[in-house]
Amino acid sequence: MTHRHVVVGVDGSVVSVRALDWAADEAARRGVALHVVYAVPDRDEAGPVLASAAARVRARRPRLPLLTVAAEGDAVRALAGASRAAALTVVGTRGLGGIAGRLLGSVSLRLAAHAHGPLVVVRGDRPCDRPGDVLLGLADDADDAGTDAAGFAFQEAERRGARLRVLHAAAHRHGMPEPPAPVPASAPGRGRAARRERAAKAVPRPGPAGPRERRLRPVDGEAGARTAPARALLEATREAAVVVVAAQRRDGRFRPHPHSLAHTLLHRSHCPVAVIPAR
C-alpha cells in the first residue's frame, strides 16, 4: 500500500493546535496531503473545530492538499483506524508528569499501543517548530523495531537537511549485578551488547550518490551510540527537532514499562517524540 498522507488528531485545544502545525509542516516536507481527524460523539459537533483547523493550515501552508474528517466515537479508535493508510500519525499531549502521567490515560499513550505505523507525539508544554538535530535513541533491547526506527530517523534528517545524532540509552534498573553465565558467550550483558551493535549498524550512512545525500550533515560517531546514558538523551532533546525511538511491543502491543526508553521520552522529552513500530 502506498501511503500518501499524514494524519493529525485535533480537538480544538491549544495542545492539538501545536500538533496540527507540526503535522502540516511535516506533510509539506514529505510532499503529501494532510488529513485532519476530529472524533466526537455526534458528527454535527465537529464543524467549527474542523473549520478552524482548516483555516489555520491554509494560512500556514496554502498549497498543502487538505482533508478534514469528522469521526464518530472514541478518538483512539478513530485515529488508530486512520493510521492504517497513513505515512505518519500525529497527536498532541499535555505534560505527563504527576498522577496524570502515572495513570497513562492520555490519547497519545493509548494510541501508541494501537497505531499501525509511525506515531509522533507533540508535547503541548514545549515549543515544537524549532530547527535542530534529529535524535535516534537506541535501547538495550533494540531489535527489528530498532532497525525501522533507524531508517525513519535517517529519512527524517534527510528531509530536514539536519544532522542525525545516534545516542544509546540503557534502561537503568535497581538490583544486583548480573550473575556470571555458565557459558561466557551467553551472558545477559553480551546479549545486550550484541543487540546494541546490530541496532547501531542498522543506521544508514549517507552515500556519495546525489544532491539529496550531499545535503545531509554527518551522523554522530558510534561512541555516542554506545555510551550515552538516558539522561544525556533527555538533555539532547532540549535542542532537537524530533527524537525517534523504537516501539518495543509485546504480544503485538506497545506496553512501555516505567524503565523503557519510549516511556521515559513520552513523559519527559523536550521535543516531539516519534514512536516507530517494527513492520
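Over which residues does pLDDT stay under 50, and how many contacts beyond four places in sequence does the model have for them? The stretch is residues 96–105, and the model has 13 such contacts there. Welcome to this predicted model, a protein of 279 residues with eleven helices and eleven strands.

**Confidence**
- Averaged over the protein, the pLDDT is 76, with 66% of the residues at 70 or more.
- Residues 171–181 also have a pLDDT below 50, and this stretch has twelve contacts in the model beyond near neighbours in sequence.

**The overall build**
- Buried residues make up 47% of the protein.
- Among contacts with a separation of 6 or more, 81% are between residues 24 or more positions apart.
- The protein has an accessible surface of about 13,900 Å², and carbon and sulfur atoms account for 53% of that area.

- The whole structure holds 15 salt bridges, and one of them joins the side chains of R30 and E156 at 4.0 Å, N to O.
- R30 sits in helix α1 (residues 14–30) and E156 in helix α6 (residues 144–160), so this pair links distant parts of the chain, 126 residues apart.
- R30 counts as partly exposed because its relative accessibility is 21%, whereas E156, at 1%, is buried.
- Both residues belong to a network of salt bridges that also takes in E26, R29, R159 and R160.

**Around strand β6**
- D133 pairs with R163 in a salt bridge whose closest N and O atoms are 2.8 Å apart.
- D133 is buried, with a relative accessible area of 14%, while R163 is partly exposed at 25%.
- G132 is found in the loop between β5 (119–123) and β6 (133–138), and a relative accessibility of 25% makes G132 partly exposed.
- Leaving aside residues up to four places away in sequence, G132 touches A162, E239, A240 and A241.
- G161 is 29 residues from G132 in sequence, and their C-alpha atoms are 9.8 Å apart in space.

**The E235–R238 pair**
- E235 and R238 form a salt bridge too, with 3.1 Å between the closest N and O atoms.
- E235 is partly exposed, with a relative accessible area of 48%, and R238 is partly exposed at 38%.

Conventions. Residues numbered from 1 in each chain as written. Predicted model: local features only at pLDDT ≥ 70, side-chain atom pairs only at ≥ 80, totals over all residues. Heavy atoms only, no water. Helix = DSSP H or I, 4+ residues; strand = E, 2+ residues; numbered from the N terminus. Buried < 20%, exposed > 50% of the residue type's maximum accessible area, 1.4 Å probe, protein only. Contact = heavy atoms within 4.5 Å. Areas by Shrake-Rupley, 256 points an atom, 1.4 Å probe, with all protein chains shown as cover. pLDDT = per-residue confidence, 0-100.
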